[in-house]
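Me: I have a model open and want to go through how its parts pack. Can you take my questions one at a time?
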Amino acid sequence: MKKILVPIDFSETSDNAFVYALEMAKRLKAELVLLHTFELPIVDSQAMPINYATIYNSIELANFEHFKQKMPKLHAIAEARNLNHIPMSHIMMDGDLLLSIKKVIAQENIDMVVMGTNGAEGWWDNVIGTNTGSVIAGVSVPVLSVPAGAQFQKIDTIAFTTRFRKKDIEALIKVLFFAKRFHAKVKCLYVKTPNSDLTEDTIRRWQSHFEDETNLQFFVIPNEDVKETIEDFLVSQEVDILAMLTYKRNFFVELFTTTTTQHLSYHLKTPILAFHE
């Protein structure tokens, strides 16, 4: 792990994700790349027959001044957490956020993205149609999505949902990598529905890959409602981060769209670490 990309817009949600990024950088011995994007307007030459360069230059200058004024706030956050030693670089870029993130990932050899998401009524309901949802689906590196209600304390428990497939093994290895840096436990969950054709032998063979991992536990819970079971698991096991492999986009998108009221506040505080096949 070398570089973590943090898209920032200087909102409270963005600042909150920045805190998680700092803590990730500390544990993973990484540097942060802070990205601030803005979009230039489309100018109608007939309605506004003036020099385009003048317009664009003034907008870029205004964004740069805003960026320069806000950066001390982020440095103050880092200093308050005794993390001002974390290396940070800054990039300003005009254009679409997702395209800018993809460009920076390629140019800077980014290993991970950490970004915030809002959610007034159930953050996963809202993230699907937002920038964060687009980034989760559109980039190849892991994405840590930090909800606005999250407060970084300590990462003690990471949950990982699995279907005991071969491709899940590589994702779980990555999760264990993160967990060891935080001295955290990993709780691997499989929800066994009535129509599941997964055998006990398959589960045992799959688990044998990790028989030497002392910080790993496996949970096989029979239930026909996968989403509700995962929700209950997050609460009962006091999960700090939910790690998932985005192998089935529809399920990933719908996971928290029917959140029950009693679990709503918890989901506002649960970051999701998304890996890609």
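Me: How are H1 and H6 oriented to each other, roughly parallel or roughly perpendicular?
Reply: H1 and H6 are roughly perpendicular (angles of 65 to 115 degrees). This is a predicted model, where local features need pLDDT of at least 70, side-chain atom pairs count only at pLDDT 80 or more, and totals for chains, interfaces and linings use all residues. Residues are numbered from 1 along each chain as its sequence is written, and side-chain values use heavy atoms, with hydrogens and water left out.

Me: What angle and axis distance do helix H1 and helix H6 have?
Reply: Helix H1 (residues 12-28) packs on helix H6 (residues 166-182) at about 90°, and the axes are 9 Å apart. Helices are DSSP runs of H or I, at least four residues, and strands are runs of E, at least two. Axes are lines fitted to C-alpha atoms, for helices over the stretch in contact, with angles from 0 to 180 degrees between N-to-C directions.

Me: Which residues make the contact?
Reply: Glu23, Met24, Arg27 and Leu28 from H1, and Phe177, Phe178, Arg181 and Phe182 from H6. Contact means heavy atoms within 4.5 Å.

Me: Switching to the sheet. What is the strand order?
Reply: The sheet is open, with ten strands in the order S3-S2-S1-S4-S5-S10-S9-S6-S7-S8 and mixed pairing. Two strands pair if DSSP finds at least two bridges between them.

Me: Why is one side of S3 and of S8 left without a neighbour?
Reply: S3 (88-94) and S8 (216-222) stand at the edges, so each has a single partner strand.

Me: How many bridges join S9 to S10?
Reply: Four, between residues 241-245 of S9 and 272-275 of S10, and the two strands run parallel. Methionine 244 has alanine 274 in S10 as its bridge partner.

Conventions:
Angles under 35 degrees count as roughly parallel, over 145 as roughly antiparallel, 65 to 115 as roughly perpendicular and the rest as oblique.
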